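Please view the sequence and the model before reading on.

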Amino acid sequence: QVQLVESGGGLVQAGGSLRLSCAASGRTFSSYAMGWFRQAPGKEREFVAAINTGGGITYYADSVKGRFTISRDNAKNTEYLQMNSLKPEDTAVYYCAARSLQGRSIVTMGETRRIDYWGKGTLVTVSS
């Protein structure tokens with residue numbers, strides 16, 4: 001069992017930056033690929049970014065590529081999402097996610113229904 005707790009959300013002006021963190025419980029954090037998803041009001045949850053177990057492979061949604069950076073620190077059981085050049089359309093609840101890929105491509109982290117564990121989310125609001 002893995003418990004995930006997000007932090008770092010808040011209100012920021014367009015063009016600003018925020019860094020989200022996700023703290024994971026348990027000793028098996030390093031065996032899970034990690035990711036971030038987001039859900040805006042009235043919309044479905046969508047994939048944002050993912051990182052493999054070792055941290056060397058990342059994958060991003062086109063909408064955030066070049067602006068967001070995902071990373072992880074296995075010694076601290078924590079993953080991060082650095083968000084720069086924020087836009088009002090980035091406003092959403094951001095969720096941390098973990099999945100045991102078992103050899104599958106990092107691209108499959110985008111499959112929302114196959115995520116093993118979810119955090120409860122942190123709200124990011126970008127004002128124009």
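Glu46 lies in strand 5, residues 46–51 (strands are DSSP runs of E with at least two residues, numbered from the N terminus). The model is predicted, so local features need pLDDT of at least 70 and side-chain atom pairs count only at pLDDT 80 or more, while totals for chains, interfaces and linings use all residues. Residues are numbered from 1 along each chain as its sequence is written, and side-chain values use heavy atoms, with hydrogens and water left out.

Glu46 touches Phe37 and Arg38, leaving aside residues up to four places away in sequence (contact means heavy atoms within 4.5 Å). Glu46 also forms a salt bridge with Arg38. A salt bridge is a side-chain nitrogen of Lys or Arg within 4 Å of a carboxyl oxygen of Asp or Glu. Side chains of opposite charge can pair when their charged atoms come close.

By this rule there are five salt bridges, including these:

| Salt bridge | N to O distance |
|---|---|
| Glu46 and Arg38 | 2.6 Å |
| Arg67 and Asp90 | 2.8 Å |
| Arg114 and Glu111 | 2.8 Å |

A network of salt bridges links Arg38, Glu46, Arg67 and Asp90.

Buried means under 20% relative accessible area, exposed over 50%, and partly exposed in between (1.4 Å probe, protein chains only). Glu46 has 36% and is therefore partly exposed, whereas Arg38 has 6% and is therefore buried. Arg67 and Asp90 are both buried.

Conventions
Helices (H or I, at least four residues) and strands (E, at least two) are DSSP runs, numbered from the N terminus.
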